[in-house]
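Have the viewer open and follow along.

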Amino acid sequence: MAARTGVTARWVDFDPFTGELDTASLREQLNERTKVVAITAASNLIGTRPDVSEVGRLAREVGALTFVDGYT
């Protein structure tokens, strides 16, 4: 989809032992051209729960929207 629409999709690193999101890697990927940051609220596979509030805060700092995959 990214190739068809001309957007660039980037992935953020995570700790392979714990599955935790690498916040430093996220900061490196974000810039003023970032439009959307998508994140899961919880991993169905290994049960990690990223700090969605922190991800949202970092996204807002560069003017990006945050999309959270989750349920209520």
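## An exposed leucine and its patch

At 60% relative accessibility, L65 counts as exposed (the cut-offs are over 50% for exposed, under 20% for buried, and partly exposed in between, with a 1.4 Å probe and protein chains only). L65 sits in strand 2, and so does F67, the strand covering residues 65–69. F67 is exposed too, at 52% relative accessibility.

Together with V36, L65 and F67 make a nonpolar surface patch of about 340 Å². Patch members need over 30% relative accessible area and no salt bridge; nonpolar side chains (Val, Leu, Ile, Met, Phe, Trp, Tyr) are joined within 5 Å, like charges within 9 Å. The areas come from the Shrake-Rupley method with a 1.4 Å probe, and for residues only the protein chains shown count as cover.

## What you are looking at

This is a predicted model, where local features need pLDDT of at least 70 and side-chain atom pairs count only at pLDDT 80 or more, while totals for chains, interfaces and linings use all residues. Residues are numbered from 1 along each chain as its sequence is written, and side-chain values use heavy atoms, with hydrogens and water left out.

The protein has 3 helices and 2 strands, and along the sequence they come in the pattern α-α-β-α-β. Both kinds of element are DSSP runs numbered from the N terminus: H or I over at least four residues for helices, E over at least two for strands. Along the principal axes, the C-alpha atoms fill a box of roughly 30 × 30 × 25 Å. Of the 72 residues, 21% count as buried.

## The nonpolar core

Which residues make up the largest nonpolar core? There are 8 residues in all: L26, L30, V37, I39, V55, L58, A59 and A64. Strand 1 (36–40) and helix 3 (52–61) each supply at least two residues of this core, and helix 3 gives the most, with 3 residues. A core here is a set of buried Ala, Val, Leu, Ile, Met, Phe, Trp, Tyr and Cys residues joined through side-chain atoms within 4.5 Å. As background, nonpolar side chains tend to be buried together in soluble globular proteins.

Take I39 as one of the core residues. I39 lies in strand 1 and is buried, with a relative accessible area of 12%. From the C-alpha of I39 to that of D22 is 12 Å in space, and the two are 17 residues apart in sequence.

## A salt-bridge network

How many salt bridges does a search of the whole structure find? The search finds 3, a salt bridge being a side-chain nitrogen of Lys or Arg within 4 Å of a carboxyl oxygen of Asp or Glu. R27, E54, R57 and E61 are linked in a network of these bridges. R27 and E54 pair up at 3.4 Å, N to O, joining distant parts of the chain, since R27 is in helix 2, E54 is in helix 3, and they are 27 residues apart.

E54 also bridges to R57, with the closest N and O atoms 2.8 Å apart. R57 and E54 are about one helical turn apart because they are separated by 3 residues in helix 3. R57 then meets E61 at 2.3 Å, N to O; this pair is 4 residues apart in helix 3, again about one helical turn. As for cover, R27 is partly exposed at 45% relative accessible area, R57 is partly exposed at 32%, and E61 is exposed at 54%.

## Negative charge and the loops

D13, D15, E20, D22 and E28 form a negative surface patch. D22 belongs to the loop between helix 1 (2–5) and helix 2 (23–29) and is partly exposed, with a relative accessible area of 30%.

Is T48 buried or exposed? T48 counts as buried, at 12% relative accessibility, and lies in the loop between strand 1 and helix 3. The C-alpha atoms of T48 and G19 are separated by 6.5 Å, though the residues are 29 apart along the chain.

Key:
Lys, Arg positive; Asp, Glu negative; His and termini not counted. Charge placed at Lys NZ, Arg CZ, Asp CG, Glu CD.
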